[in-house]
Amino acid sequence: ERQRLLNMFRPAVRNAFPFSPFAKDDSHILRVLALCLDRVELPEDLPTLFPFFFVSPDLDSTEAHTFLATITYPDFIASIAYFSMCLSEEICPSDLDTLSSPLSAEEWVSRMEGESDFSPLSSECIRKSVNLTKMKFNLKPAQIFKALRYVMTGSEVGPSVMDIMVLLGSKEVSSRLN
């Protein structure tokens, strides 16, 4: 089944993003499919609807600017910087096996470990960082997740931000946060 899906979706992803290392990584494509398969009808839908899984979002696009205008709390930049620091300060477990109730995306990621250069990021780590940011800036989690969605995708729609971040892994998330 995995190979059939990969054979079906791989050409569309690689044609859309010929220079993306993520598009060349079969295990990454499979992780994206595990998360998004119920939202795509044709192979071309995957790179069209979810380009942020393969390339960094275009934060200069009209869609991204429109979305950014909806993030209204004053410490947006500082809160994202603080969140990034929390993720990088090893306050979070890096071993997905230590989680008591991982997301389905994490279960998939943990099965795929060792098949690529993927660097895991746990939902527990993200939750801890959100909670620390929430306390420091007196924000609601929804405000933080909205800001993270903007930075990770540049789009108001898509899978949960937690799932996106888990799937992208710590290296890519860190890169987009900085």
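This is a predicted model: local features need pLDDT of at least 70, side-chain atom pairs count only at pLDDT 80 or more; totals for chains, interfaces and linings use all residues.

**A buried ring pair and its surroundings**

Author: Tyr82 and Phe137 are both buried.

Aromatic rings come first. A pair of aromatic rings is described by two quantities, the distance of the centres and the angle of the planes. When the whole structure is searched, eight aromatic pairs are found. One of them joins Tyr73 and Phe76, with 6.4 Å from centre to centre and 80 degrees between the planes, an edge-to-face pair. Tyr73 is buried, and Phe76 is buried as well. In the pair of Tyr82 and Phe137, the ring centres are 5.8 Å apart and the planes stand at 70 degrees. An angle over 60 degrees counts as edge-to-face, and therefore the pair of Tyr82 and Phe137 is given that name. This pair also links distant parts of the chain. Tyr82 lies in helix α5, which covers residues 76-88, while Phe137 lies in helix α7, which covers residues 123-137, and 55 residues separate the two. Elsewhere, ring pairs join Phe67, Tyr73, Phe76 and Tyr150 into a cluster.

The axis of α7 and that of helix α8, residues 141-153, come within 9 Å and cross at roughly 115 degrees. The crossing of α7 past α8 is right-handed. On the α7 side, the contact is made by Ile126, Val130, Thr133 and Lys134. On the α8 side, Pro141, Ile144, Phe145 and Leu148 take part. Sorted by class, the contact between α7 and α8 has six nonpolar residues, one polar residue and one charged residue.

Helix α7 also holds a charged pair. The side chains of Arg127 and Glu124 form a salt bridge, at 3.7 Å from N to O. Because these residues are three apart in α7, about one helical turn separates them. Arg127 has a relative accessible area of 34% and so counts as partly exposed. Glu124, at 30% relative accessibility, is partly exposed too.

Other salt bridges can be set beside this one, for the search of the whole structure finds five. Among them is the bridge between Asp26 and Arg14, 2.8 Å from N to O. Asp26 is in helix α2 (residues 26-36) and Arg14 is in helix α1 (residues 2-16), so this bridge ties together parts that are 12 residues apart in sequence. Asp26 is partly exposed at 25% relative accessibility, and Arg14 is partly exposed at 30%. Both residues belong to a network of salt bridges that links Arg10, Arg14 and Asp26.

A further bridge brings together the side chains of Arg176 and Glu172, 2.7 Å from N to O. These residues are four apart in helix α9 (residues 161-177), which means that about one helical turn separates them. The cut-off for buried is a relative accessible area under 20%. Arg176 has 9% and is therefore buried, and Glu172, with 14%, is buried as well.

Note on methods: Residues are numbered from 1 along each chain as its sequence is written. Side-chain values use heavy atoms; hydrogens and water are left out. Rings of Phe, Tyr and Trp (its six-membered ring) pair if their centres lie within 6.5 Å; planes under 30 degrees apart count as stacked, over 60 as edge-to-face and the rest as tilted. Buried means under 20% relative accessible area, exposed over 50%, partly exposed in between (1.4 Å probe, protein chains only). A salt bridge is a side-chain nitrogen of Lys or Arg within 4 Å of a carboxyl oxygen of Asp or Glu. Axes are lines fitted to C-alpha atoms, for helices over the stretch in contact, and angles run from 0 to 180 degrees between N-to-C directions. A crossing is left-handed if the near helix is turned anticlockwise from the far one by less than a right angle, and right-handed if clockwise. Contact means heavy atoms within 4.5 Å. Ala, Val, Leu, Ile, Met, Phe, Trp, Tyr, Cys and Pro count as nonpolar, Asp, Glu, Lys and Arg as charged, and the others, Gly among them, as polar.
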